[in-house]
Amino acid sequence: MDTTAPSEGLGEVVSHYLDKGIVLIIADLLSLITVSSCLVIKVPQINTIRENKSSKGISVFGLCLELFSYTVMMSYNYTSGYDFLSYMEYPVLLLQEYVLIYYVFKYQDMLGKRTQVFAIFYTIIATLIYLKLFPIIILTFLVPFCTPIGATSKVLQLLAILRTKDASSVSRTTWALSAFTNMTRIYTAYVQSHDLMLLSNFLISTFLSLSVFVAACVYKTKTKTA
């Protein structure tokens, strides 16, 4: 039995992959690290809210804007046919965002009929996008707004911490991971797509995530010592 064929085939695959060059290989590795980090990025925040049974210091409007931004960015990458590894964190982030929003709404007594209507409307739109029945031109129009919208969601969270002077329900781990994953995406977006809209989004998101992280560190320490 000839056992060299499989090994030769594997060798050819590895050789072909290495031919991509070190820059793209690093981009793939960073993508895998980013996706791995995003698997748990919001879990610390969810657990913090569940343990405290409170979502004080969490901006509801900021979460809704973040949900909008994640949804549009994933849809844009999906419909544009970009390499799945370059945006695989978005579906993972969205799943965690749904859980996070549920608990924030629960502890702020916002799980009413209005929220249910919004959830149904959102599900219909998401289904149309998945089936590629949603007009691509609308997504292309919305993408430039994701940078200011995503930035606004983080600014609102930062202001919520500064206003309440309480970060007891804010997870520093989540925001540190957010800053890290955005930094890795600056590199991958530059070498894989050269998409200026994506690059500007990740640059601004990195800065603001770091700002929220610093504020959470300052006010969580003050809360503990108070």
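The buried residues of helix 3 are covered by, among others, helix 5 (89-107) and helix 8 (172-192). Keep in mind that this is a predicted model.

**Helix 3**

- Helix 3 spans residues 43-52, and its buried residues include Gln45, Ile46, Thr48 and Ile49.
- Look down the axis of helix 3 and those buried residues sit within an arc of 160 degrees, so they line one face of the helix.
- Just past the end of helix 3 comes Lys53, with a positive phi of about 55 degrees.

**Lys154**

- You'll find Lys154 in helix 7, which runs over residues 136-164.
- Lys154 is buried, yet it has no salt bridge.
- Its nearest side chain of opposite charge is Glu66, 4.3 Å away, and a salt bridge would need a side-chain nitrogen of Lys within 4 Å of a carboxyl oxygen.
- Setting aside neighbours within four places in sequence, Lys154 is in contact with Glu66, Trp175, Ser178, Ser205, Leu208, Ser209 and Val212.

**The largest pocket**

- The largest pocket has a volume of about 400 Å³.
- It is lined by 15 residues, and the closest to its centre are Ile101, Phe105, Thr115, Phe118 and Ala119.
- Helix 4 (60-80), helix 5 and helix 6 (113-130) are the elements that each give two or more residues to the lining of this pocket.
- Helix 6 gives the most to that lining, with 5 residues.

Technical notes:
Residues are numbered from 1 along each chain as its sequence is written. This is a predicted model: local features need pLDDT of at least 70, side-chain atom pairs count only at pLDDT 80 or more; totals for chains, interfaces and linings use all residues. Side-chain values use heavy atoms; hydrogens and water are left out. Helices (H or I, at least four residues) and strands (E, at least two) are DSSP runs, numbered from the N terminus. Buried means under 20% relative accessible area, exposed over 50%, partly exposed in between (1.4 Å probe, protein chains only). Lys and Arg count as positive and Asp and Glu as negative; His and the chain ends are not counted. Contact means heavy atoms within 4.5 Å. The arc is that of the directions from the helix axis to the C-beta atoms. On a 1 Å grid over the protein atoms alone, a cavity is a set of points where a 1.4 Å probe fits but cannot get out, and a pocket is an open set with protein on both sides within 12 Å along at least five of seven lines; lining residues have an atom within 4 Å of a point. Grid points are joined across faces, edges and corners, and a volume is the space filled by probe spheres set on the points.
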